[in-house]
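Please read them alongside the coordinates.

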Amino acid sequence: MEKNTEIKLERKLNPLNVWSLALGSIIGWGAFVMPGTTFLPKAGTLGTAIGLSIGALIMITIALNYGYMIQKYPVAGGEYTFTQNTFGRRHAYICGWFLGLSYLSIVPLNATALGLVSRKLLGGLLEVGYLYSVAGWDIYAGEIALASFALILFALLSIKGISVAGWLQTVMALSLVASVFILFIGAFLSPQVEISNLQPLFPEGKSSWSAVIAVVAIAPWAFVGFDSIPQAAEEFNFSPKKANGIMIIAIVFGAFVYIAVNTVTAAVEPWQEFLARGYDWPTGEAAEIVMGKAGLLFLGIALICAVLSGIIGFYMAASRLLYSMAREKALPQWFGRIDEKSRTPKNSILFIMIISLTAPWFGREVLQWIVDMSSIGAAIGYGYTCFAACRTLKQDAQRRPGLKVLSVVGTVFSLIFVLLLIVPGMPSYLAFESRICLVVWIVLGIVFYFRTEGKK
């Protein structure tokens, strides 16, 4: 047993693997449905592009703080490790508790999205074996089986070794970007597409300012996933100094995917008329209009790669966070054990798999409540990292005036993101069900913390 605790994580991730890890975590199912449900109705074409670009710049500001802290602490744990070393155990526990839920909830969210993929691309082929409905969402045995298969398969692949997971993530991330790029170029070579279809640039009856702000308000959570990079810092086979550039490139590519998919959706007809037709999936309809079955094929490849890479990415991020917390004795030692052969945190991965396997039985509506609530975990992680960078920079022998300003700006933005979620009337104010989930999670965290402290 003692020998096992001395085993270290393997340094096998190259820069391309890490970029793929971040991009695959940033882009998920939402990028392919939000044009019809959120982006165009709330902000129009130009409003969405501006809002996402501003959101990307904000996230790059925050990412530069992450890059600085990774150089200081190039070990697993990311935000938890930064907070532990800067503010101590209690603050680290708060950060880790909320961040853990954020990562844990996104794994099953991506897995259950496979059922939605089958509904959109395969005509509901897996809507067999109706079981029951939860919050208006129909639960089918076929979709549960698919989600469960994916969760088990990718857990086993993640346990097999970081090099295997890194290779798979790279293939899927490159396929995702290539498919979206081909679809984007193909759309604007199509005779169906006219630039005039992008009018109006902002929704009618809404100011341009409010349209842009509506997207900026949700953009930070659209880019959640770049922060999986510090979780893997202990497994880099390159200098941590490169992390800054990798995170920035991942965020830029993420913004491209969001904006490209939204623009293709809007360009096939005057977009307000197009949405008014009431298509179940406007983006899928647009892809088929501009490129026929080939358009649906490329969109399907991008969509499946986004979903599967999200599962792998957050398996990695969540397991390394749990491993790091166990190493600091904030969680039972069981979570910190490393497999002797694969040198991965096997127990943490299995725990995530078991928890995730329960989620499909509750339906996506309930899971979405939890994911919306857990968005606050990402904002808390951003805030602690930027504030830790601000505190650490005061003791840095090198003069870094620019980075000091960015650390303050990043801290302020992070606080704003939290307020957008918890202040009534704000664009991203949590729904009632999500607020109940948040209270329950806070109470559980308090109980678990004092039980853990009491055993010391």
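1. Alanine 211 has a relative accessible area of 0%, so it counts as buried, the cut-off being under 20%. The model is a predicted one, and the burial is a computed value for that model.

2. Alanine 211 belongs to helix 8, which spans residues 208-222.

3. Serine 179 sits in helix 7 (residues 162-189). Its relative accessibility is 5%, so serine 179 is also classed as buried. With residues up to four places away in sequence not counted, serine 179 touches Phe298, Ile301 and Ala302.

4. The largest nonpolar core contains 148 residues, and the members touching the most other members are Ile27, Phe32, Phe223, Phe226 and Tyr315. Helix 12, residues 282-327, gives the most to this core, namely 21 residues. Another core, of five residues, lies apart from it; among its members are Ile7, Leu9, Ala76 and Tyr323.

5. Which residues does tyrosine 315 touch, not counting those up to four places away in sequence? They are Val107, Leu151, Phe154, Ala155, Ser158, Ile349, Ile352 and Met353. Tyrosine 315 is one of the residues named above for touching the most other members of the largest nonpolar core.

How values were computed. Residues numbered from 1 in each chain as written. Predicted model: local features only at pLDDT ≥ 70, side-chain atom pairs only at ≥ 80, totals over all residues. Heavy atoms only, no water. Helix = DSSP H or I, 4+ residues; strand = E, 2+ residues; numbered from the N terminus. Buried < 20%, exposed > 50% of the residue type's maximum accessible area, 1.4 Å probe, protein only. Core = buried A, V, L, I, M, F, W, Y, C linked by side-chain atoms within 4.5 Å. Contact = heavy atoms within 4.5 Å.
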